[in-house]
Amino acid sequence: MTDNNCNGWRNAATWTVNLWFSDGWAEMQERHIPFTASLCRDMVEEYVEDLIGRDRNSHGFIWDMLDLNSVDWDELAAHYEPMESAA
């Protein structure tokens, strides 16, 4: 069996997304903003679309290199669930 873990994350795609978005997501976590896998994916896709556009045909290479379908969105969402306040 091949170990595809990358720096404690399920795979390189998940680790890379976390690397680039963790600051904003950590702030959301601290502010107790609900965080779901679909919100996480939407935020990343919107960011990428803003950078390179929505036309996946003319920028197909970049979209393919991103491999967003390999990202474990549930793992990211679980990692950034709002923290409980210490009493």
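Guide: The model is predicted, so local features need pLDDT of at least 70 and side-chain atom pairs count only at pLDDT 80 or more, whereas totals for chains, interfaces and linings use all residues. Residues are numbered from 1 along each chain as its sequence is written, and side-chain values use heavy atoms, with hydrogens and water left out.

Visitor: What makes up the secondary structure of the protein?

Guide: The protein has four helices and zero strands, and its elements run α-α-α-α from the N terminus on. Helices (H or I, at least four residues) and strands (E, at least two) are DSSP runs, numbered from the N terminus.

Visitor: How many disulfides does the structure hold?

Guide: A disulfide is a pair of cysteine sulfur atoms within 2.5 Å. The structure holds zero disulfides.

Visitor: Which residues have the most contacts inside the largest nonpolar core?

Guide: A nonpolar core is a set of buried Ala, Val, Leu, Ile, Met, Phe, Trp, Tyr and Cys residues joined through side-chain atoms within 4.5 Å. The largest one has 18 residues, and those with the most contacts inside it are Val-17, Trp-25, Phe-35, Val-44, Val-71, Trp-73 and Leu-76. At least two residues of this core come from each of α1 (12-30), α2 (37-52) and α4 (73-79).

Visitor: What does Trp-73 touch, residues up to four places away in sequence aside?

Guide: Contact means heavy atoms within 4.5 Å. With that exclusion, Trp-73 touches Val-17, Ala-37, Cys-40, Arg-41, Val-44 and Leu-68. Across the protein, 62% of the contacts between residues at least 6 apart in sequence join residues at least 24 apart.

Visitor: How do you know what span is expected of α1, and what does α1 reach?

Guide: The expected span of a helix is 1.5 Å times one less than its number of residues. With 19 residues, α1 reaches 25 Å from its first C-alpha to its last, close to the 27 Å expected.

Visitor: Where in α1 is the kink centred?

Guide: The kink is centred on Phe-21 and comes to about 65 degrees. The bend at a residue is the angle between axes fitted to the seven residues ending there and the seven starting there.

Visitor: Which residues of α1 are buried, and what do they pack against?

Guide: The buried residues of α1 are Ala-13, Thr-14, Val-17, Asn-18, Phe-21, Ser-22, Trp-25, Met-28 and Gln-29, and these pack against α2 and α4. An α-helix has 3.6 residues a turn, so residues three or four places apart point the same way.

Visitor: What joins the side chains of Asp-72 and Arg-10?

Guide: They are joined by a polar contact of 3.4 Å. A polar contact is a pair of N or O atoms within 3.5 Å; within protein, one must be able to donate a hydrogen and the other to accept it, and residues adjacent in sequence count only if both atoms are side-chain atoms. A polar atom of the Asp-72 side chain also lies 3.3 Å from the backbone nitrogen of Asp-74. Asp-72 is placed in the loop between α3 (60-66) and α4, and its relative accessible area is 15%, so Asp-72 is buried. At the start of α1, a side-chain oxygen of Asn-11 reaches to within 3.2 Å of the backbone nitrogen of Ala-13.

Terms used. Buried < 20%, exposed > 50% of the residue type's maximum accessible area, 1.4 Å probe, protein only.
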